[in-house]
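The following explanation leads through a structure, beginning with the terms on which the description rests. Please keep the sequence and the three-dimensional view at hand while reading.

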Amino acid sequence: MEIVLFVAATLRISVPYALASLGACFSERGGVINIALEGIMLIGALGYVLGAHATGSGWVGVAAAVLAGLATAALHAIVTVKFGADQITSGLGINLFAAGLTRFVLKQVFHSSSNSARVVGLEGFSMPGLSSIPGIGPVLASPLVLLTVALVAAGQWLLFRSVFGLRLRAAGERPESLATLGLSVGLQRTQGVLVSGALAGLAGAWLASEQHSFTDGMTVGRGYIALAAMIVGKWTPLGAAAACLLFGAADALQITLQGSGFPNELLQMLPYIVTMLVLAGFIGRAVPPRSVGVPYDPEHL
Amino acid sequence: MPAHPPTALPLEPGTHSPRRPLLSPALLVALAPLVAVAVSLAIGGILIAAIGENPFEIYALMLSASFGNGYGIGQTLFLATPLIFTGLAVAVGFRAGLFNIGVEGQLYLGGFAAAMTGATLAGWPAPLLLPLAIASAAAAGAVWGAIPGVLKARFGAHEVINTIMLNFIAFALVAYFGRFVYQPATVRTAEIGAGAVIPRLGDWLTALRSAPVNLSLVLALLTAAVTGLLLFRTRGGYELRAVGLNAPAAEYGGILIGRTHALAMTWSGAIAGLGGINFVLGYKHYFEQGFSGGAGFLGIAVALIGRNHPLGVIVAALFFGALSHAGLVINQRVPRELVEMLQGLVILSAIAAQQVLERASRKLH
């Protein structure tokens, strides 16, 4: 039974990682580094709480989170794609902005600098068969868990088997080839960033709906872990999702070992150390898209 | 692919037109930080108006809070001190074509190392203990900067991701060691010895008496001067900048890129580590979990607005220090979170303005 609970906890924890790192795949495959995932997730979580607070419906909250994520990602796209500015700096700027904005709104709406009022969560489906599995059933019945699995599969197909994916990857590998075909590099890249924004917003919605509230800085670095998972997963949705499960398991293990005297801090480091080892080439080679991070400038070829 | 730092200037063109235009292209690009600050303050003004306050009144209040009296000036200088260090650290990285996002973690470890040295050797006399505590801060930061530098030189691993990862590892590592060294039921270390204390400026200048600004500020200014000399007046500094401007050309000229990258990151980390002493040795006299409070990340904004020049960094650090202090003062009328939003907006508008003005200057040519 303990192992079933552990698996259930791993799944639950992995959901936001998987959504955001799927988004990271789309952004980076299109040629745009998205360190802003952390801030987008945070704004998405706030979006959920505002939507759910105003209407009393979790699904309105989800829609608000996705819209908030899209809007924040649009800001990243404008700065990096339209103006061609440095992508990493833009991401950091957005994260700083998001931390301030969410606190600002929290104070204006809920008159608190630390947490929002309690809001509704997302009620689970009662799916015959799935929901009745002991231990793990309630997790599987949660609509966003199933949606995440579907999105990862769809994302893998979309990136590597569809025209959209081919064009998006071309924008991240050899943007000049895309331009030669008369297609807009900027448009492809913007789409990639927007997809990542919607998914990171959804990840924020999951966090807020699970917790039934927004708390200051509640993403606590999950956006960066999602980015790391994408690297460990070699820029593929399936690989990234697998890495998210690994990182999620490390988190779940921390909860399991709580009170056993085992130093949790050492487990906390696991995702970061694994990522560094992968980057250094000790665990397979991680090759980023050829033109990721390089603004596309048709005048400078 | 390494991200090119946003502020790397294009190489000077070899030919000049005989007639100098009123607004030279270089001057136009140099205006980017001012444009960015103006745009951000304008957006901030709209937000202030949106919550029913008068933006001009609030900004005037902020200005007088930060510079209008001895206490305000002392607070501004105190908050600017770590930003000078972190801004310099980021700037050194940028000059070498590297993006050191790990400044936050390097500063954090620097503060922890200084506190541990100061507390462990508490009985030592100041002439020995103080330099040792300061040196241990620099050493801890240097090690934490060297790791991504060497990984980049040896394996081509991207320093941005590695420095992000190392920030989190630094926080977890300190939390782990904290289990053994924190005072019971707190998240702070024992008090440092009297010999490790950096005196406050208020001990000599009565106007600054109640503010925590201390001699770390002088060390920050000295570090800026030394950094400027090393960057612009030595062979090593020239090599570092050459690698940052055009790595293949530098390599063709016989400069070892990997070695330069590793050294630049180590140097950058050492400066960042020094940033920890302001709080630990100069203010609280112990290390407290989470003391860095984003000073490392704000260093990126400082370097951007300071255009990676030591003098620019000092001015930008004063600006952001003043903004932080003013945010606390106006908190009764406008949430101080506004200032945090402004910090992010300044970064975004700085890099956008840089691009817009560079394009305009290309047309001017």
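A residue is called buried when its relative accessible area is under 20%, exposed when that area is over 50%, and partly exposed in between, with a 1.4 Å probe and the protein chains only. The structure is a predicted model, in which local features need pLDDT of at least 70 and side-chain atom pairs count only at pLDDT 80 or more, while totals for chains, interfaces and linings use all residues. Residues are numbered from 1 along each chain as its sequence is written, chains are lettered from A and ligands numbered from 1 in the order in which they are written, and side-chain values use heavy atoms, with hydrogens and water left out.

With contact meaning heavy atoms within 4.5 Å, 52 residues of chain A are in contact with 47 residues of chain B. The size of an interface is often given as the accessible area lost when the parts come together. Here buried area is the accessible area (1.4 Å probe) that two parts lose on being put together, summed over both. By this definition, chain A and chain B bury about 4200 Å² between them, and 76% of it lies on carbon and sulfur atoms. In chain A, the residues that lose the most area to chain B are L96(A), F104(A) and M276(A), which together account for 15% of what that side buries.

Between chain A and chain B, 6 residue pairs are in polar contact, with both residues at pLDDT 80 or more. Helices (H or I, at least four residues) and strands (E, at least two) are DSSP runs, numbered from the N terminus. The elements that give two or more residues to the side of chain A that touches chain B are α3 (58-82), α4 (87-110), α10 (222-232), α12 (264-268) and α13 (270-279) of chain A. Of these, α4(A) gives the most, with 15 residues. The residues on that side of chain A comprise 30 nonpolar, 13 polar and 9 charged, where Ala, Val, Leu, Ile, Met, Phe, Trp, Tyr, Cys and Pro count as nonpolar, Asp, Glu, Lys and Arg as charged, and the others, Gly among them, as polar.

Leaving aside neighbours within four places in sequence, G93(A) is in contact with G344(B), I347(B) and L348(B). S90(A) also has its place in helix α4 of chain A, and S90(A) is buried because its relative accessible area is 0%. With the same exclusion of neighbours within four places in sequence, the contacts of S90(A) are H76(A), V79(A), T80(A), L348(B) and I351(B).

Attention now turns to the salt bridges, each defined as a side-chain nitrogen of Lys or Arg within 4 Å of a carboxyl oxygen of Asp or Glu. The whole structure holds 11 salt bridges over all chains, and 4 are found across the interface of chain A and chain B. K107(A) pairs with E337(B), their closest N and O atoms being 3.3 Å apart. R103(A), D216(A) and E340(B) are linked in a network of salt bridges. R362(B) and D297(A) also meet in a salt bridge, at 3.7 Å from N to O. This pair crosses between chains, from helix α15 (residues 337-364) of chain B to the segment after α13 of chain A. R362(B) counts as partly exposed because its relative accessibility is 36%, and D297(A) is partly exposed at 24%.

Within chain B, R333(B) and E57(B) form a salt bridge of 2.7 Å, N to O. The two residues are 276 residues apart, R333(B) in the loop between α14 (310-329) and α15 and E57(B) in helix α3 (residues 55-67). R333(B) is partly exposed because its relative accessibility is 35%, and E57(B) is partly exposed at 41%. K152(B) and E159(B) form a salt bridge at 2.9 Å, N to O, and both residues are buried.

Technical notes: Polar contact = N/O pair within 3.5 Å; in protein donor to acceptor, adjacent residues only side chain to side chain.
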